[in-house]
Amino acid sequence: MIYELRVYRCLPGRLPALLKRFETATLKLWEKHGIRPAGFFTTVIGESNNDLTYILKWESLAEREKLWTAFMTDPDWIAARTKSEEDGQIVGNIASQFLAPTAFSALK
């Protein structure tokens with residue numbers, strides 16, 4: 001199992017729009033494509049309170065490539081993203097890291 005840590009830095013004031021997109025569209029499409037989230041977090045104290053941080057679980061990088069490509073090219077996702085950005089761009093920057101759990105990690 002590998003984990004992908006993703007941090008979306010929203011443009012000022014746009015975090016609510018991103019959270020709404022996840023709640024109303026993204027999560028349903030991930031379920032459709034077999035993408036498994038492990039957790040979602042907003043920043044209480046830190047560099048930016050405009051961030052959404054989340055973790056995805058993957059069996060392998062090959063699985064990630066297959067499922068993520070299917071999701072990103074899904075016409076329903078493209079339409080949902082476009083609709084959510086009718087009032088302007090939401091995300092200014094996305095950072096992604098792939099992590100392997102240690103022997104003593106609670107997540108395996």
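The chat below walks through the sheet, the helices and some side chains of a predicted model.

Trainee: Hi! Let's start with the sheet. How many strands form it, and in what order?

Mentor: Hi there! Four strands form an open sheet in the order 2-3-1-4, and the pairing is antiparallel. Keep in mind that this is a predicted model.

Trainee: Which ones are the edge strands?

Mentor: Strand 2 and strand 4 (91-99) are the edge strands, and each of them pairs on one side only.

Trainee: And how are neighbouring strands turned against each other on average?

Mentor: By 15 degrees on average, if you ignore direction.

Trainee: What packs on that sheet?

Mentor: Helix 1 does, touching strand 1, strand 2, strand 3 and strand 4, and its direction makes about 15 degrees with that of strand 3. Helix 2 packs on the sheet as well and touches strand 1, strand 2, strand 3 and strand 4. The direction of helix 2 makes about 120 degrees with that of strand 3.

Trainee: Let's stay with strand 3. How many bridges join strand 1 to it?

Mentor: Eight bridges join strand 1 (residues 2-10) to strand 3, and the two run antiparallel. If you want a position to look at, Ile2 stands opposite Trp58 in strand 3.

Trainee: What about strand 2, how many bridges there?

Mentor: Strand 2 (residues 36-42) is joined to strand 3 by six bridges, again with an antiparallel run. There, Gly39 has Ile55 of strand 3 as its bridge partner.

Trainee: Why is strand 3 largely enclosed by the rest of the structure?

Mentor: Strand 3 covers residues 51-58, and seven of its eight residues are buried, so the rest of the structure largely encloses it.

Trainee: New topic: the largest nonpolar core. Which residues touch the most other members?

Mentor: That core has 19 residues, and the ones touching the most other members are Tyr8, Leu18, Trp30, Ile35, Tyr54 and Trp68. Strand 1, helix 1, strand 3 and helix 2 (61-72) each supply at least two of the core's residues.

Trainee: Which element gives the largest share?

Mentor: Helix 1, with five residues of this core. As background, nonpolar side chains tend to be buried together in soluble globular proteins.

Trainee: What does Trp68 touch?

Mentor: Not counting residues up to four places away in sequence, Trp68 touches Arg6, Tyr8, Trp30, Ile35, Tyr54, Leu56 and Trp58.

Trainee: Which residues form the aromatic cluster?

Mentor: Tyr8, Phe22, Trp30, Phe40, Tyr54, Trp68, Phe71 and Trp77 form one aromatic cluster.

Trainee: Last one: what does Lys32 touch?

Mentor: Lys32 is found in helix 1 too. Residues up to four places away in sequence aside, Lys32 touches Asp74 and Asp76. The side chains of Lys32 and Asp76 are joined by a polar contact of 3.5 Å.

Trainee: And how far apart are the C-alpha atoms of Lys32 and Pro16?

Mentor: They are separated by 24 Å, and the two residues are 16 residues apart along the chain.

Notes
Residues numbered from 1 in each chain as written. Predicted model: local features only at pLDDT ≥ 70, side-chain atom pairs only at ≥ 80, totals over all residues. Heavy atoms only, no water. Buried < 20%, exposed > 50% of the residue type's maximum accessible area, 1.4 Å probe, protein only. Pairing = 2+ DSSP bridges. Phe/Tyr/Trp six-rings, centres within 6.5 Å; stacked < 30°, edge-to-face > 60°. Contact = heavy atoms within 4.5 Å. Polar contact = N/O pair within 3.5 Å; in protein donor to acceptor, adjacent residues only side chain to side chain. Core = buried A, V, L, I, M, F, W, Y, C linked by side-chain atoms within 4.5 Å. Axes fitted to C-alpha atoms, helices over the stretch in contact; angles between N-to-C directions.
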